[in-house]
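Please look through the sequence and the model shown below before reading on. The paragraphs that follow begin with one residue and then widen to its surroundings.

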Amino acid sequence: MALHEELTAVQRCVDDLVRTVARLEQQSGDRLTAVDVRRVRSDTERLRESVDLLRCSATPPVPPRGPDLVTISDTPYDTALWANAGDLDDEGLGARDRHAP
């Protein structure tokens, strides 16, 4: 059996145990001391919580998705892109025919 199936079987057994303890508590009346019944009920609830924790830790966490990567080609750019660049400013240098102040 897979781990998930085993934990599901354990969960069903614990749920059956909780229901049985509740019936026992109702049927016993005064024959059992209230402290003992409360202790058994508390233990079964704690067992249920422990199985829930096991089930949560058994499921693998979903890794956070990273940013989509964009591939940039190593081939040179087409020089026609800069053919009419005479009237454009060079980035950070200003216009070609003007001087910095």
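Thr 44, at 6% relative accessibility, counts as buried, a word used here for residues under 20% relative accessible area, with exposed meaning over 50% and partly exposed anything in between (1.4 Å probe, protein chains only). The structure is a predicted model, in which local features need pLDDT of at least 70 and side-chain atom pairs count only at pLDDT 80 or more, while totals for chains, interfaces and linings use all residues. Residues are numbered from 1 along each chain as its sequence is written, and side-chain values use heavy atoms, with hydrogens and water left out.

Thr 44 belongs to helix H2, which covers residues 34-58, where helices (H or I, at least four residues) and strands (E, at least two) are DSSP runs numbered from the N terminus. Leaving aside residues up to four places away in sequence, Thr 44 touches Val 14, Leu 17, Val 18 and Val 21, a contact being heavy atoms within 4.5 Å.

Helix H1 (residues 3-28) meets H2 with axes that come within 10 Å and cross at roughly 165°; the axes are lines fitted to C-alpha atoms, for helices over the stretch in contact, and angles run from 0 to 180 degrees between N-to-C directions. Because of this angle, H1 is roughly antiparallel to H2, the term for angles over 145 degrees, whereas those under 35 count as roughly parallel, 65 to 115 as roughly perpendicular and the rest as oblique. The contact includes Val 14, Leu 17, Val 18 and Val 21 on the H1 side, and Val 37, Thr 44 and Val 51 among the residues of H2. By type, the residues of the contact of H1 with H2 divide into 13 nonpolar, four polar and seven charged, where Ala, Val, Leu, Ile, Met, Phe, Trp, Tyr, Cys and Pro count as nonpolar, Asp, Glu, Lys and Arg as charged, and the others, Gly among them, as polar.

Val 37 also lies in helix H2 and, at 12% relative accessibility, counts as buried. Between Val 37 and Val 21 there are 8.1 Å in space, C-alpha to C-alpha, and the two are 16 residues apart in sequence.

Turning to the whole protein chain, it has two helices and zero strands, and 12% of its 101 residues count as buried. Among its contacts with a separation of 6 or more, 67% are accounted for by residues 24 or more positions apart.
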